[in-house]
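My entries follow the display.

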Amino acid sequence: MVEAALENRNTSVIMYGQTGTGKTHTMQGVRGDDGLVFRVTRELFRRAKEEAEQLGMHFFVELIMIEIYNNTVMDLSRKRNDPTTLKVREDPRSNEVSVEGARNVQCWTADDTCKAIKKNLKSRHVGGSMRNAYSSRSHAIYRLDAWMIPREKKGVARSPRTPRKMSSLAFVDLAGSEKPQAVDATEYESLLRQATAKEA
C-alpha cells in the first residue's frame, strides 16, 4: 500500500469474513501489537517525509472515518449520539465517490494520525457474541488522503502554496458475514441490525 501511495496510485484493503475470524484484530491490532492501519500509517509517514524533504515539500494526510450501521452513514469523528447522517455522492465526470458532510481531519505526524484513529474508533458500534466478546456490528471505512505542499522559502516573495494530492489509502473493515441461523439465539437480534448495514 505504501509503495502504491508513493507512486501516486490509490489503493485499498478490505477485511471480509465471519465474526471471530480476526478482521478487526488484523486492522486495529492490540496494545503493544499494532494492526495493519497503524503499521501502514507509520511507514507511509516515514517514507513520504523522506521524499518530501528531498523535494522541498511538507507531507500530511487528511483522515476520514465513517461507519455504516442500520442503513445509516455516520462520521466516526463525531460523538455516537450525534444525529448527523451523511450522504454518499458520485461525481458523474470523474466517477469519484465522496461522503458529503464527513470531516477531514488534517494530521501532520504519524502519532497524531494514529491518535485520531484510536479516538474515532471509540464511537464505533460493537457488541458481544458467542465467538467474540468485542465484535464489530457495523462496516467501518478509514481513508487517508496523502498530500504534499511546498515549503515556504526565506527571502522569497510569498507564492501560492497549493497542496498536491498524491493518493488515497482506504481500509475497509466489514461486519461479520455469517447468517443469523448459524449463530446462537442470543446473537440473533444483533445480527439483524448488522444485516441492515450490509444492504447499504
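I am working on a predicted model, where local features need pLDDT of at least 70, side-chain atom pairs count only at pLDDT 80 or more, and totals for chains, interfaces and linings use all residues. Residues are numbered from 1 along each chain as its sequence is written, and side-chain values use heavy atoms, without hydrogens and water.

**Helix α4.** I took helices as DSSP runs (H or I, at least four residues) and strands likewise (E, at least two), numbered from the N terminus. α4 covers residues 110-121. Its 12 residues should span 16 Å at 1.5 Å a residue, and the end C-alpha atoms lie 17 Å apart, which agrees. The expected span is 1.5 Å times one less than the number of residues.

I then listed its buried residues (under 20% relative accessible area; exposed is over 50%, partly exposed in between; 1.4 Å probe, protein chains only). They are Ala110, Thr113, Cys114, Ala116, Ile117, Asn120 and Leu121. Down the axis they fall within an arc of 160 degrees, so they line one face of α4. The arc uses directions from the helix axis to the C-beta atoms. Exposed Lys115 and Lys119 sit on the face turned away from the buried side.

**Thr41.** Thr41 is in helix α3. It counts as buried because its relative accessibility is 0%. I checked its contacts (heavy atoms within 4.5 Å). Leaving out residues up to four places away in sequence, Thr41 touches Ala110, Thr113, Cys114, Ile117 and Leu144.
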